[in-house]
Amino acid sequence: MPNASSSMPSAGGSPQKLVNWLMSVAFLVFLMVIVGGITRLTESGLSITEWKPVTGAIPPLNEAQWAQEFEKYKQIPEYLEINGPAGMTLAEFKFIYFWEWVHRLLGRVIGLAFAIPLAWFWIRRQIPNGYKGRLLALLALGALQGTIGWWMVSSGLSERTDVSHFRLAVHLLTALFIMGGLIWTALDLHELARSGAHRPARLTGFSLTIILILFLQLLFGAWVAGLNAGYVSNSWPLMNGRLYPDGVDWGHGAWFALTHDPFLTHFIHRWWAWVTVAALVVMARHLKKLGARPVSIAIHSAFGTQILLGIATVMTGMNITLAVLHQAVGALVVATTVWGAHRLGRIGDYR
């Protein structure tokens with residue numbers, strides 16, 4: 001017989017309140033991923049050259065302050081080698097500054113939207129037993145994400161004209177991991193609110209395999225973004241008339257080509273997508289057999305839309321609207337996969 005303290009929420013607590021809060025924060029992280037995509041595609045990420053977690057929330061308020069920020073930007077390689085020779089104006093700088101500022105502001109909002117309610121629920125003793133450690137871990141990971149963001153930006157301020165694609169990948173994948181953790185925790189709490197039974201879902205070996213396959217696709221997608229590899233071909237299914245692209249540089253070895261060559265990373269991203277689709281189809285069909293038809297439909301809808309958007313993005317030469325939608329739906333693929341993995345991992349409940 002289960003211990004009463006492990007099967008019921010804390011006194012005065014309502015798990016559904018926490019579910020609504022966590023899903024709201026997950027939605028904010030989803031928006032953050034979208035804005036991050038816009039920031040990357042508009043080459044805005046290096047426009048703010050300092051990290052000021054508190055005072056940086058206030059943008060320049062007059063022309064003198066704008067001129068000061070522009071002068072700081074003029075010192076970095078992106079301006080000196082690219083935007084300066086191209087004749088960037090103050091108005092154009094304001095545009096890219098806006099998107100980076102929004103991106104950072106949203107990060108601050110997410111931090112407050114998580115930390116303040118967490119403190120409230122904690123003080124009111126409304127956090128069910130067994131969840132405090134998990135929520136603190138998510139808070140710490142969110143704080144770390146801010147540090148990772150600056151670590152990424154700093155890679156493009158001195159010797160490069162863009163950020164490291166490795167650091168970009170860490171930043172994006174950490175955001176998606178946080179979103180997945182928020183959703184998973186919310187689903188556990190939803191089950192607690194529904195049944196009153198404390199039965200956190202477990203990550204099965206089957207689900208872990210699916211997630212690792214998806215992880216590789218997301219990793220190469222981040223590298224494609226960081227290397228601007230989406231621009232190397234605007235045709236599909238062939239790349240510039242060839243199945244295997246002409247132009248892969250093997251001169252520095254296979255590992256360097258795998259992790260740095262835009263042709264090869266683009267090639268792998270577009271074809272590993274079908275391995276990912278196959279894995280998600282297997283997951284979705286398994287879920288349907290277990291009676292979880294809504295989850296199955298959500299997974300199919302997400303990856304189906306994502307494939308179409310990926311092809312359309314390539315064939316339009318990286319149309320920014322389609323590229324942003326591609327990143328947004330990629331986050332939805334993660335969300336639906338987490339939902340499916342959670343549904344498969346509910347202990348003793350496969351209805």
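1. Leaving aside residues up to four places away in sequence, Glu 100 touches Thr 39, Ser 44, Gly 45, Ser 47, Ile 48 and Val 153 (contact means heavy atoms within 4.5 Å). Glu 100 is part of helix H5 and is buried, its relative accessible area being 4%. Buried here means under 20% relative accessible area, exposed over 50%, and partly exposed in between, with a 1.4 Å probe and protein chains only.

2. A word on the basis: this is a predicted model, in which local features need pLDDT of at least 70 and side-chain atom pairs count only at pLDDT 80 or more, while totals for chains, interfaces and linings use all residues. Residues are numbered from 1 along each chain as its sequence is written, and side-chain values use heavy atoms, with hydrogens and water left out.

3. Which residues of helix H3 (residues 63–73) are buried? They are Trp 66, Glu 69, Phe 70 and Tyr 73. These residues lie on the same side of H3 because they cover an arc of only 100 degrees around the axis (taken from the directions from the helix axis to the C-beta atoms). Their packing partners are helix H4 (77–83) and H5. Helices are DSSP runs of H or I with at least four residues, numbered from the N terminus.

4. Do look at the start of H3 too, where a side-chain oxygen of Asn 62 comes to within 3.2 Å of the backbone nitrogen of Ala 64.

5. Finally, back to H5 (residues 90–123), which also holds Trp 122. Trp 122 is partly exposed, with a relative accessible area of 32%.

Definitions and conventions:
Helices (H or I, at least four residues) and strands (E, at least two) are DSSP runs, numbered from the N terminus. A polar contact is a pair of N or O atoms within 3.5 Å; within protein, one must be able to donate a hydrogen and the other to accept it, and residues adjacent in sequence count only if both atoms are side-chain atoms.
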